[in-house]
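Open the model in your viewer and keep the selection panel handy. We will walk through it stop by stop.

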Amino acid sequence: MAARAFSRPILMTGVLLAGTGVMLGAFGAHALKDRLDPAALGWWQTAVQYQMWHAVALVALAGLPGRLGLPAALLSIGTLVFSGSLYLLALTGLRWLGAVTPVGGLLMIAGWLLLALRAWRTKDQGRSA
């Protein structure tokens with residue numbers, strides 16, 4: 001029985017998000033801790049946490065069967081928008097970036113909901129969704 005091939009694009013996105021998440025987390029903890037106020041450090045930490053959780057999810061998705069490209073894309077783009085806007089907000093103090101953050105959150109939510117729908121359909125259709 002041949003092993004199922006993983007999705008290279010989804011895996012690469014996940015591992016790149018994870019690697020940069022570790023770097024950005026370390027950067028925030030060491031280089032920024034004395035330069036940013038507590039609120040900005042909190043935004044930074046939130047960005048790192050969401051980036052890392054979604055990186056792990058993408059790595060896991062890469063090995064699952066089914067049509068997962070769109071959910072993975074929504075999770076990826078949502079993570080970039082959500083975390084990216086928080087990183088920029090922390091570094092620049094540009095408060096209008098706070099209005100961009102929920103767009104990323106909505107994209108991540110859409111990715112999770114679509115993933116749930118695909119999982120439900122796979123169950124109902126004998127794993128053919």
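**First stop: H1 beside H3**

Select H1 and H3: these two helices are roughly parallel to each other (an angle under 35 degrees), because they pack at an angle of about 20°. Their axes are 11 Å apart; axes are lines fitted to C-alpha atoms, for helices over the stretch in contact, and angles run from 0 to 180 degrees between N-to-C directions. H1 covers residues 8-30, and helices here are DSSP runs (H or I, at least four residues), numbered from the N terminus.

A word on the ground rules: this is a predicted model, in which local features need pLDDT of at least 70 and side-chain atom pairs count only at pLDDT 80 or more, while totals for chains, interfaces and linings use all residues. Residues are numbered from 1 along each chain as its sequence is written, and side-chain values use heavy atoms, with hydrogens and water left out.

Now show side chains. Ile 10, Thr 13, Leu 17 and Leu 24 of H1 meet Gly 69, Ala 72, Ser 76, Thr 79, Leu 80 and Tyr 87 of H3, where contact means heavy atoms within 4.5 Å. Sorted by type, this contact has 6 nonpolar residues, 4 polar and no charged. (Ala, Val, Leu, Ile, Met, Phe, Trp, Tyr, Cys and Pro count as nonpolar, Asp, Glu, Lys and Arg as charged, and the others, Gly among them, as polar.)

Which residues have the most contacts inside the largest nonpolar core? Select Leu 36, Trp 44, Leu 86, Tyr 87 and Ala 90, from a core of 13 residues. Such a core is a set of buried Ala, Val, Leu, Ile, Met, Phe, Trp, Tyr and Cys residues joined through side-chain atoms within 4.5 Å; buried means under 20% relative accessible area (1.4 Å probe, protein chains only). H2 (38-62) and H3 (69-92) each supply at least two of its residues, and H3 gives the most, with 5. Centre on Ala 90: beyond residues up to four places away in sequence, Ala 90 touches Leu 36, Ala 40, Trp 43 and Trp 44.

**Last stop: Gly 111**

Move to Gly 111 in helix H4 (residues 101-124). Gly 111 is buried, with a relative accessible area of 0%. Leaving aside neighbours within four places in sequence, Gly 111 is in contact with Pro 71, Leu 74 and Leu 75.

Note on methods
Buried < 20%, exposed > 50% of the residue type's maximum accessible area, 1.4 Å probe, protein only. Parallel < 35°, antiparallel > 145°, perpendicular 65-115°, else oblique.
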